Structures are given as C-alpha cells and as structure tokens.
Amino acid sequence: MLNFEKYRVICIVGARPNFMKIAPIMRALEANDRFEATLVHTGQHYDKAMKESFFEQLGIPEPDVDLGVGSGSHAVQTANIMTAFEPVMDRVNPHLVLVVGDVNSTIACALVAVKKGINVIHVESGLRSGDRAMPEEINRILTDQLSDLLFTTERSAEGNLTAEGIAAEKVHFVGNVMIDTLLYNLPRAIEPAQTFKQHLETDHASSLAQTFGLLTLHRPSNVDDPIVLERLLNTLVSISNELPLVFPVHPRTKAKIEQGGFDKLLSDANIHMLPPMGYLEMLGLMDRASVVLTDSGGIQEETTALGTPCLTLRENTERPITVDEGTNTIVGTDPDAIRAAFNTVMLGTAKGSSRPEYWDGKAAERIVEITEGWCRQQFTQESSE
C-alpha cells in the first residue's frame, strides 16, 4: 500500500524553448489522476508580452510559482534560480522534479533536486553537438548525469548516453514533445499575411504574403563577434535580393546589430525586421516559408516536421536526425556554403524528408505513462522497506 495518494511532481519552465515542451506534458499530467503537478516558472525569460504570446497561446496554466529571477551571467542566473527554487522544494516536498531542454533553469533545478534526494526527470535527454563551447552543451551533459529518468527524442541520443556511462534502464525513447505542440497547434497557426499586415507597411505585406524566407539569429557565436555578424548579414543581404527575408529579431541580436552599426546595412536590404513573434505567428511563418535560415535548435526540429527546407547557420547540431531524415542542412557561417545551399533550395532540388519515428504528437503521453509505471515500482518498494 502506498503511503500517499498522488505522485507530486514539480515541472520547471524557464526560457522560451521550454514553453513548447512543457505544454503537452502539463496536459498529459492533468489527464492522469495519479499525479499532482506544480508548475514553477523560474522567470529566466519573462515579460508580459511573452507570457501572453506563449502561455496563453499554448494553453499553459498559470504558474503555481514564479521565481522571477530575470537575466544575468550564466553563474549569477544559475545561482539565483537555485537559491529561489530551494524553498519551493521544501514547501511542495515533491517525489519528482521534471526539467526540459538545456537552459540554465534546467541544470539549476536539477541540481537542487538531486542534492535534496529528489528524483529528476529530464525530457530531451542525450542530445549532443560535441561543442563544449556552447553553454547549453554543458547543461545537457550535467543534467543527464543527475537524472533518474531520461526521455529521448531520437534513437541516436541513447548512444550518447551509453558512452557517458548512463545505465540503459534509465533511458526511454519517447519521441519529441516539441512536435506534440506543433501538431496540436498547427490548425490554429496564424497566416503570414495576417502577421505581415499587423507589423509591416501595406505594400510590403501584400508582396511578402506570396513568397518569403524566414530568418532567426541569436546564438552568441553568431551575434557577439562583430566580424562574424557582419559577414553573416552581408550574405543574408545578398540572398534577400533573390528572396525577401522576414526577420523576427531577438532583443539581444537587435542590441548587437545596433552596437555594430549594422542598422543601415539591413534597412537598405530586402530584409523585413519584425518584433519577436508569438508561437502561433512563428508556426505560420515556418509552415509557409520557402526556406528558413536559423541558428535555433528547436526550429531545426519544427521545420523537419513541417517539411520546410532549413539552413542551419552553425557548424554543428545536437539534433542530427533533422539532417539524416529531415529538411535540415548545416551550412555554418561561410558565405559560399550558405549561398550554395540556398541555391539548391531555390532550384527546387533540396533534399526530401520524412517525419522521424515517434514524432507523432504522443510523446508526452508516453512520458507520463512510463513515469507512472516507474513511480509505482519505485515508491512501492520504498514503502514496503
């Protein structure tokens, strides 16, 4: 006989990439009467517009706890999250802490949990770029080492975890919760014409609705070095002469563009800068774009699910399935490589793709089902000892 009625699980959300991952998990937990879920928002990324465009559009419930940590260096932000999260752990006394992805909130909350002897679930485990200069790579590796249940999005991830000494019985291939969210919301995606009408002049809005490319750029390796950023922007300006580009600008990227004095370069090009978009707006843009140029990890997955050609402006990817089976091509920041891949897309000879295994909209259901079985075994044993 269990000595509690429900398994108490704290779910962590902190930064924009987390929101799309946590939404289907919260729905699946709420549909299972064996769990009592507490949603904690660390506030790693937070503003009112973002809350409206992500929490409300995705149907994520109001957080039970908002830590409000805000921005800061990696060390400061991680420390602030840990300090603020510990009293929440003491108050809720959970059986499990569930973290997603690879942001600072992920590793910070996992560290607090494991030091208090609480089991950790990591959703999106085992992804590796091989580039330890990326802070996210360190977060991925360490979170996986701390976790008791590790859920993977692609089969290659298990090989990475095995190589790092993680026991196979901890690892479960369940598919991709990002794609759960995409498939759930695709019928509600906002048409690009509506987005353009809201944010651009009328003549630009009407012409872009016919054909456009989508650009996103935010990685420090691309935007922090003015030389790298200028080289990338010059290449993108050249591409925009053939295909107009729509560019929702990350606030940090906007600041770097202004600091480098590249505003004029972009204003004279066929590149249309937009404010950061909500999820449904971005989904509509990705679905209808002729090509997406990005340095985002999540967008590599979303474009593969949508069948939209994707050129990744990085030297590596932690999501190899998007290259092996999907629409993604790694082009780095070399102008010739970017241009060659872009020409392939424009000629209509870009590679085809298939939707990867278990990218079927049911990953969150599998996660909750496996977690419930694990809890029954784990806590029944503990209560009988």
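Student: Which residue stands opposite Leu 245 in β10?
Tutor: Ile 271 of β10 stands opposite Leu 245. The model is predicted, so to speak of local features takes pLDDT of at least 70 and side-chain atom pairs count only at pLDDT 80 or more, while totals for chains, interfaces and linings use all residues. Residues are numbered from 1 along each chain as its sequence is written, and side-chain values use heavy atoms, with hydrogens and water left out.

Student: How many bridges join β9 and β10?
Tutor: Four, in the parallel sense. Two strands pair if DSSP finds at least two bridges between them. Strands (E, at least two residues) and helices (H or I, at least four) are DSSP runs, numbered from the N terminus.

Student: And what about β8 and β9, how many bridges there?
Tutor: Two bridges join β8, residues 213-215, to β9, and the strands run parallel. Gly 213 has Leu 245 as its bridge partner in β9.

Student: Are the faces of β9 covered or open?
Tutor: Both faces are covered. Leu 245 and Phe 247 lie on one side, Val 246 and Pro 248 on the other, and all are buried. Buried means under 20% relative accessible area, exposed over 50%, partly exposed in between (1.4 Å probe, protein chains only).

Student: Zoom out. What is the strand order in the sheet?
Tutor: β10-β9-β8-β11-β12-β13, six strands in an open sheet with parallel pairing. The edge strands are β10 (271-274) and β13 (328-330), each pairing on one side only. The twist averages 20° from one strand to the next.

Student: Which residue of β12 faces Thr 294?
Tutor: Thr 312 stands opposite Thr 294. The strands here are β11 (291-294) and β12 (310-312), paired in the parallel sense over three bridges.

Student: Which strands does α17 touch?
Tutor: Helix α17 (335-346) packs on the sheet and touches β11 and β12. Contact means heavy atoms within 4.5 Å. The direction of α17 makes about 175° with that of β12. Axes are lines fitted to C-alpha atoms, for helices over the stretch in contact, and angles run from 0 to 180 degrees between N-to-C directions.

Student: New topic, helix pairs. At what angle do α11 and α17 cross?
Tutor: Roughly 25°, with the axes of α11 (226-240) and α17 coming within 10 Å. That makes α11 roughly parallel to α17, a label for angles under 35 degrees.

Student: Which residues make the contact?
Tutor: From α11, Arg 231, Leu 232, Thr 235, Ser 238 and Ile 239; from α17, Pro 335, Ile 338, Arg 339 and Phe 342.

Terms used. Angles under 35 degrees count as roughly parallel, over 145 as roughly antiparallel, 65 to 115 as roughly perpendicular and the rest as oblique.
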